[in-house]
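Subject: Handing over a structure, with notes

Dear colleague,

I am passing on to you the structure shown below, together with some notes on what was found in it. Please keep it open while you read, so that each point can be followed in place.

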Amino acid sequence: MAFLQLEGLSKRYGAIDAVVATHLAVEKGEFVSLLGPSGCGKTTTLQMIAGFVDATAGRIVLDGRDITHAKPSSRGLGVVFQSYALFPHMTVRDNVAFGLRMRKVPAADIAKRVAKVLELVRLAQHADRYPRELSGGQRQRVALARALVIEPPVLLLDEPLSNLDANLREEMQFEIRRIQCEVGITTLMVTHDQAEALSISDRVVVMQAGRVTQIDEPYKLYEHPRTRFISGFVGKANMLPGDRDNAGQPQVRHAAGDGELTLSLRPEKIDLLEAGNGRLQGRIVTRYFLGSQWLYRLDTALGEITVVRRNDGSAPLAEGTSVGLDWQADLLRVLAADEVPA
């Protein structure tokens, strides 16, 4: 049996199904992200696990114990909220120690555990500061330390990086993963940021309209999305009409209109060649400089296609340039129809 199991977990608000019959098995020490757009049910799922929202149906089993109807305080889970929810009148040390004091842990043990976790999150030198004296990233570390110091069986992260700027987000997502690996704690993170989920998770759970649509390792999820929604939400993708060749292999239909199949082709998997070469002809309409990459939008007989090329230091292709497009046939992915409305 998995360490944490969701068995047909559901939440209904009147006529609205916020979460529908969700099944998920999380192994001990695993880092799993719940990924999806706003309103897909990921935060509601996390709140049911934490005990802040009552489940309408289904079970939550933690280490063999049914906690579906247990009070939040008796579950012993560590939670990091989107807002961090720090006490502004308390120092870093006192914020981190708060949960232990509520549990009436002896003062000597509190001092040791707080010191240890502050070292873990690299905030020992800021123990006597107040939240207002800290940067956003430092406040996020305090919230993480406060959740970890009670030594919970599971750590729940609700959009923990959403209040940080882009550069700090990237730095902190790797810091969260470092800390999680060092402690070895089972972790569930809610995020709407696909890059965040793909970069630090062992597995990603994609949710759409209250339903789980795919659970996979990040690389497999990106390379083999099941549906049109997943292909477009997890990274950029070109949706192309297709059918099957005489050998039964998927191929792009080189004319506008619907095909027997819907195929996904990632922008970075397309090569740009001199006009007249390749599988398809196109003209560069716009280009965008992304630092490490150039993104091109091309007009083709199949409609607009996006291509991403590595910035190798050479001059970019000019808008209006005619080019050929080519790709390896085995990089085409056949997509199933979306299972729920977008």
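Within what distance do the axes of H5 and helix H6 (residues 166-183) come, and at roughly what angle do they cross? Please bear in mind that this is a predicted model. In it, the axes of H5 and H6 come within 11 Å and cross at roughly 20°, and since angles under 35 degrees count as roughly parallel, that makes H5 roughly parallel to H6. The crossing in which H5 passes H6 is right-handed. On the side of H5, the residues that take part are Gly136, Gly137, Gln140, Arg141, Leu144 and Leu148, and these meet Leu168, Glu171, Met172, Glu175, Ile176 and Ile179 in H6. Sorted by class, the residues of this contact of H5 with H6 divide into six nonpolar, three polar and three charged.

Helix H5 (residues 136-148) also has a crossing with helix H3 (residues 92-102), where the two axes come within 7 Å and cross at roughly 30°. H3 and H5 are therefore roughly parallel to each other, and their crossing is right-handed. From H3 the contact takes in Val92, Asn95 and Val96, while from H5 it takes in Val142, Ala145 and Arg146. In terms of class, the contact of H3 with H5 has four nonpolar residues, one polar residue and one charged residue.

For the chain as a whole, the secondary structure comes to nine helices and 19 strands. The C-alpha trace spans about 75 × 45 × 35 Å along its principal axes, and of the 342 residues in the chain, 48% are buried. The accessible surface comes to about 16400 Å², and carbon and sulfur atoms account for 49% of that surface.

Ala336 is placed in the segment after strand E19 (333-335), and, leaving aside residues up to four places away in sequence, Ala336 touches Arg226, Thr227 and Arg228. The relative accessibility of Ala336 is 39%, so Ala336 counts as partly exposed.

Most residues other than glycine have a negative phi. Asp63, however, has a phi near 50°, which is a positive value in a residue other than glycine. Asp63 is found in the loop between strand E4 (57-62) and strand E5 (65-66), and because its relative accessibility is 59%, Asp63 counts as exposed. Ala209 likewise is not a glycine and yet has a positive phi, of about 50°. Its place is in the loop between strand E9 (203-208) and strand E10 (211-216), and with a relative accessible area of 33%, Ala209 is partly exposed.

With kind regards

Terms used:
Residues numbered from 1 in each chain as written. Predicted model: local features only at pLDDT ≥ 70, side-chain atom pairs only at ≥ 80, totals over all residues. Heavy atoms only, no water. Axes fitted to C-alpha atoms, helices over the stretch in contact; angles between N-to-C directions. Helix = DSSP H or I, 4+ residues; strand = E, 2+ residues; numbered from the N terminus. Parallel < 35°, antiparallel > 145°, perpendicular 65-115°, else oblique. Left-handed = near helix turned anticlockwise from the far one by under 90°. Contact = heavy atoms within 4.5 Å. Nonpolar A, V, L, I, M, F, W, Y, C, P; charged D, E, K, R; others polar. Buried < 20%, exposed > 50% of the residue type's maximum accessible area, 1.4 Å probe, protein only. Areas by Shrake-Rupley, 256 points an atom, 1.4 Å probe, with all protein chains shown as cover.
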